[in-house]
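Work through the exercises below with the sequence and the model open. Try each task before reading its solution.

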Amino acid sequence: MRMIEQVLQYIRTECAPKSEILADTNLFCEGYLDSTAMLEVILWIGETFDVTIQNEDLSPENFGTPRNIVDFVQRQLKTPVELEHDAASRIA
Amino acid sequence: MMLLPELLSRCAERFPDKSAVVSRSDQISFADLELQSDQVAARLHRLAIGPGDRVAILHDNSVAAIVFFWGILKSGAQTVDMPTLAGAETLANILRECRPKALVTSDKEWNRVMGEIPDALPCIVFSKNDLLPGCKLGHRSFNLLQDICAEETTACPRLRLDESQVAMIVYTSGTTGQPKGVMLSHHNLISNLAASNTLMGLTSEDSILVVVPLHFIHGRMQLLLHTLIGGTVVLSAGFHFPQNVLREILEYRVTGFSGVPYHFVNLAEHTALGRTALPDLRYVLITGGALSPDALRKVIDVLPEVAVHLAYGQTEASPRITYLSPAEVLARPHSIGRALPGVQVEILGNGGRTVPPGTPGEIVVSGPNIMRGYVSGDEVTCGKIDDQGRLHTGDIGTIDDEGYICISGRQSEMIKSAGERIFPREIEAIIDAYPGVSESGVLGVSDQLLGERLVACVVPVADSQVSRDDLRTHCLKSLPFVRTPREFKFVDQLPKTASGKIDRVRLVSLWAEVANRSTVHQDKTPPTEHATLAPCATFEAS
């Protein structure tokens with residue numbers, strides 16, 4: 001299963017069973033998740049994808065929408081070499 | 001004699017240009033808040049809404065919602081605070097019980113409730129933004145704030161109200177499972193505000209960051225208290241990202257912050273609180289439940305320059321009952337303080353007699369802050385108010401010779417999770433309605449972050465294929481996340497008392513047994529067990 005589908009499935013079954021939640025749905029501005037649900041999602045992300053989440057990472061930019069979450073996880077999963085390569089590509 | 005709107009009028013005279021309310025996208029001065037709320041009152045009057053009528057508010061925290069709140073009070077009508085996260089059926093029950101003449105809402109909430117409970121909604125609707133045309137079903141009167149401000153004069157008839165009349169109705173969880181509408185008078189609230197501030201000593205130099213929804217009495221108290229003192233209320237964008245709350249405290253330079261233990265544990269564990277200088281923050285107030293002595297110590301350690309106040313209360317007491325000052329917090333970490341001035345606290349044992357100091361009993365309260373009653377009118381028959389007008393809190397505690405009170409337990413079935421007051425029957429009724437479920441018993445188990453975490457023992461009917469995932473999804477469709485059990489365990493039967501009710505004490509033992517033994521009707525999809533939501537391997541402590 002693709003990561004975005006995994007994230008959507010978790011949110012829809014464990015936090016807010018609303019079919020209208022899509023990849024770009026704002027999870028908290030639109031009232032789908034309260035603060036306790038958001039914490040649950042964050043814990044699940046850490047455990048499921050084996051990524052370390054720093055307190056500073058907890059922001060709407062990283063966790064505001066399912067797509068933000070996937071982008072964040074993918075960044076975390078990249079090796080330092082891959083991140084360096086990405087940065088070099090952007091400069092070029 | 002004084003009525004709540006006079007608090008705002010005094011601020012508008014003394015501090016006309018000062019910000020009364022600030023949010024990320026909006027702000028309003030005391031003078032403008034006075035003017036616009038007068039105009040809302042004038043519109044309500046023109047719509048024949050006034051003393052004795054009710055106007056419901058179903059709205060996220062916002063400047064507009066506060067303009068409407070004051071406008072309703074100025075019209076002489078009663079505000080009805082509705083929980084924004086509640087399911088449609090709960091909201092419909094509230095509306096059917098209190099029968100408001102009008103509803104204040106946002107486009108987001110309107111779209112939600114209009115789709116699910118259109119028949120329960122009043123015919124007169126107020127909002128800041130235009131509501132979706134497709135959702136304006138029926139013969140309803142829609143009143144936009146901008147139109148009201150453009151069209152209404154401020155000539156509002158003088159209020160002829162007695163201070164003992166109901167000003168606000170706040171819905172809170174009830175023992176029967178249905179929310180109870182707590183009716184609070186102008187006198188209830190003003191006496192409690194004045195008594196609280198006699199002890200806290202806040203002034204017009206103070207301001208506060210509000211993270212709790214204003215439909216909770218905790219939120220309304222912050223708004224009213226800062227109108228009493230002429231201080232600014234800053235509405236937080238929300239507690240979803242605790243680090244952002246820390247940034248808001250810093251950015252808005254607020255002098256105060258009030259939260260429940262859940263907020264403080266979160267801020268201490270998941271933000272850079274201990275490493276962030278907060279030069280303007282003068283005090284914090286912890287209310288809405290017990291913070292463990294260790295957690296309290298940690299808050300004090302990371303905020304060495306900040307005064308930590310503690311308060312205990314209930315919606316039915318407008319809400320404050322006791323207070324513990326910063327000077328006493330460390331010396332008495334197990335205490336909730338002493339009764340507020342004018343409030344009497346008694347500890348009653350079996351038979352309703354006052355027990356000697358140090359002896360546990362129910363905490364019973366009397367004073368000018370005790371509610372006028374429930375909208376449902378059953379405050380006496382349900383035992384919340386006794387024949388002497390005293391409020392039975394349902395909390396068990398002791399009082400010492402100096403009047404300091406400690407809570408040791410709970411007589412009622414109430415569960416407190418993340419500051420929310422939850423009664424098991426509300427959740428059990430939802431679970432029991434699911435096909436394949438015979439009955440259920442909901443309880444709270446200790447949780448470091450939430451205080452208590454909801455879990456459920458479920459008895460399936462014979463040959464039922466019901467699963468934990470089925471029940472979880474079913475509950476989430478009717479209940480907010482915080483009121484949905486995190487875990488479900490299937491059992492053969494529930495422990496019962498002689499009268500056939502669930503034996504709540506033995507239910508705790510049953511849960512402990514099945515939680516450690518997954519062979520009792522093993523649910524199909526074992527839940528991800530989070531014994532606590534405290535820092536785990538995926539978090540790095542700040």
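**Exercise 1. The interface.** How many residues does the contact take from chain A, and how many from chain B?

Solution. Start with the ground rules. This is a predicted model, where local features need pLDDT of at least 70, side-chain atom pairs count only at pLDDT 80 or more, and totals for chains, interfaces and linings use all residues. Residues are numbered from 1 along each chain as its sequence is written, while chains are lettered from A and ligands numbered from 1 in the order in which they are written.

Step 1. Count. Chain A gives 26 residues to the contact and chain B gives 30. Two residues are in contact if their C-beta atoms, placed from the backbone, lie within 7 Å.

Step 2. Find the elements. On the side of chain A that touches chain B, α1 (3-15) and α2 (35-49) of chain A each supply at least two residues. The most comes from α2(A), with nine residues. Helices are DSSP runs (H or I, at least four residues), as are strands (E, at least two), numbered from the N terminus.

Step 3. Sort by class. That side of chain A has 13 nonpolar, nine polar and four charged residues. Nonpolar covers Ala, Val, Leu, Ile, Met, Phe, Trp, Tyr, Cys and Pro; charged covers Asp, Glu, Lys and Arg; the others, Gly among them, are polar.

**Exercise 2. A helix pair in chain A.** Describe how α1(A) and α2(A) pack.

Solution. Two packed helices are described by the angle between their axes and the distance between the axes.

Step 1. The axes of α1(A) and α2(A) come within 11 Å and cross at roughly 135 degrees. Axes are lines fitted to C-alpha atoms, for helices over the stretch in contact, and angles run from 0 to 180 degrees between N-to-C directions.

Step 2. The two helices are therefore oblique to each other. Under 35 degrees is roughly parallel, over 145 roughly antiparallel, 65 to 115 roughly perpendicular, and the rest oblique.

Step 3. The crossing of α1(A) and α2(A) is right-handed. A crossing is right-handed if the near helix is turned clockwise from the far one by less than a right angle, and left-handed if anticlockwise.

Step 4. A:Tyr10, A:Ile11 and A:Cys15 of α1(A) meet A:Ala37, A:Glu40, A:Val41 and A:Trp44 of α2(A). The contact has six nonpolar residues, no polar and one charged.

**Exercise 3. A helix pair in chain B.** Which residues make the contact of α1(B) with α2(B)?

Solution. 

Step 1. Helix α1 (residues 4-14) of chain B packs on helix α2 (residues 30-46) of chain B at about 135 degrees, with axes 8 Å apart. That makes α1(B) oblique to α2(B).

Step 2. α1(B) passes α2(B) in a left-handed crossing.

Step 3. α1(B) uses B:Leu8, B:Ser9, B:Cys11 and B:Ala12; α2(B) uses B:Phe30, B:Ala31, B:Leu33, B:Glu34 and B:Ser37. By class, six are nonpolar, two polar and one charged.
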